[in-house]
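Student: Could you walk me through reading a structure like this? I'd like the general idea, then the case at hand.

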Amino acid sequence: MVPSPRGADRRTSRVRPYTLTGGRTQFGHVLLVETFVATVDGPAEQLALTAGDWAERVMPEFRAIVELCRRMRSVAEISALLRMPLGVVRVLISDLADQGRIRVYGTGHGPGGPDRALLERVLSGLRRL
Amino acid sequence: MDFAGFDQQDGLQDWQTERGRAPISTKIVVAGGFGVGKTTFVGAVSEIQPLTTEAVMTQASEALDDLGATPDKITTTVAMDFGRITLEQDLVLYVFGTPGQQRFWFMWDDLVRGAIGAVVLADTRRLADCFPALDYFEGTGLPYTVAVNQFEGTPEYTGEDVREALAVPAHIPVLIIDARKRYSVVEALLSLVAHAMTEQPL
């Protein structure tokens, strides 16, 4: 759900991310609000970041996500901490995943929702609180 | 950019630093009208300071024809507060508070995908505010319960009073809770998960 940049929000900080997502609403990765993602460590990344090559070429929004995801984060956490709308964050994460910089871990359960075994675990987890 | 402050403040969980594998991630949605206590509910049980995420929406699909002419009249931002509970190092539960107005339904479709279920939060002074949420969850088949947030100094009703007033079917749990109290919110979550289990095929 990424709207048109036109007049979507008068605050300039908000307009730019819409512009760079180019109005795309389709993404290959399943990115629910609770989906976990993390930055991929690798020679490519270290080279790029220290040499400033990749970091200089890409949008600050991409860099911010890669920085933030040095810890495991959910899509919603990224959106909240970077103050970017959910739809925008999803497209950017999707792009980063395509580039191999972010790994999408998924939710660890099927798309149809939690099964009985998972519900039982949640139940006992809540009882321990 | 430095987010160490955020992690420090809320206590870093072990699973956050283990990037090789992710915990199982699941969620519960809390829906209700404005001022019913969704943020309080989330905050009472979350291990982190509740965070706010925004989704951008167009107000009504039937108005799409006007999009080109008056884009800034029908685009608006909806804020959702959410919290997190690490139940085990490999099991994390998110609790999302979402506005209950009918015009946000498009957003719910996206939000409720894969959810355990929903708690519809109600205020006895404004019961009608939760009608849209009840209608929605009845329609989707997602497991839901009703939790009445008992505000101080308001008349006390029983769960059965509220069930009758809202015409909630007999198999749906209706609880009276205090959204400020952690134990009370945990009880509401337990009730929802238990209810979701009864709706699972054996």
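Tutor: We'll go through a helix, its packing, the cysteines and then a whole chain. Keep in mind that this is a predicted model.

Student: How many residues of helix 6 of chain A are buried?

Tutor: First the general idea: an α-helix has 3.6 residues a turn, so residues three or four places apart point the same way. Here, though, helix 6 of chain A is mostly covered, with 12 of the 13 residues buried. Among them are Leu86(A), Val89(A), Ile93(A) and Ala97(A), but also Arg90(A), Ser94(A) and Asp95(A).

Student: Is Arg90(A) buried or exposed, going by its relative accessible area?

Tutor: The cut-off for buried is under 20% relative accessible area. Arg90(A), which lies in helix 6 of chain A, comes in at 6%, so it counts as buried.

Student: Which backbone oxygen lies 2.8 Å from a polar atom of the Arg90(A) side chain?

Tutor: That's the backbone oxygen of Leu31(A).

Student: At what angle do helix 4 and helix 6 of chain A pack?

Tutor: About 75 degrees, with the axes 10 Å apart; helix 4 of chain A covers residues 60-68. Since angles of 65 to 115 degrees count as roughly perpendicular, that is the label for helix 4 of chain A relative to helix 6 of chain A. On the helix 4 side, the contact is made by Glu61(A), Phe62(A), Ile65(A) and Val66(A). Helix 6 of chain A contributes Leu92(A), Ile93(A), Asp95(A) and Leu96(A).

Student: What about cysteines? How many disulfides does a search of the whole structure find?

Tutor: In general, a disulfide is a covalent bond between the sulfur atoms of two cysteines. In this model, the search over all chains finds zero. As for burial, Cys69(A) has a relative accessible area of 0%, so it is buried. Cys130(B) also counts as buried, at 2%.

Student: Let's zoom out. How many helices and strands are there in chain B?

Tutor: Chain B has eight helices and seven strands. Of its 202 residues, 54% count as buried. Looking at contacts in chain B with a separation of 6 or more, 71% come from residues 24 or more positions apart.

Key. Residues are numbered from 1 along each chain as its sequence is written. Chains are lettered from A and ligands numbered from 1 in the order in which they are written. This is a predicted model: local features need pLDDT of at least 70, side-chain atom pairs count only at pLDDT 80 or more; totals for chains, interfaces and linings use all residues. Side-chain values use heavy atoms; hydrogens and water are left out. Buried means under 20% relative accessible area, exposed over 50%, partly exposed in between (1.4 Å probe, protein chains only). Helices (H or I, at least four residues) and strands (E, at least two) are DSSP runs, numbered from the N terminus. A polar contact is a pair of N or O atoms within 3.5 Å; within protein, one must be able to donate a hydrogen and the other to accept it, and residues adjacent in sequence count only if both atoms are side-chain atoms. A disulfide is a pair of cysteine sulfur atoms within 2.5 Å. Axes are lines fitted to C-alpha atoms, for helices over the stretch in contact, and angles run from 0 to 180 degrees between N-to-C directions. Angles under 35 degrees count as roughly parallel, over 145 as roughly antiparallel, 65 to 115 as roughly perpendicular and the rest as oblique. Contact means heavy atoms within 4.5 Å.
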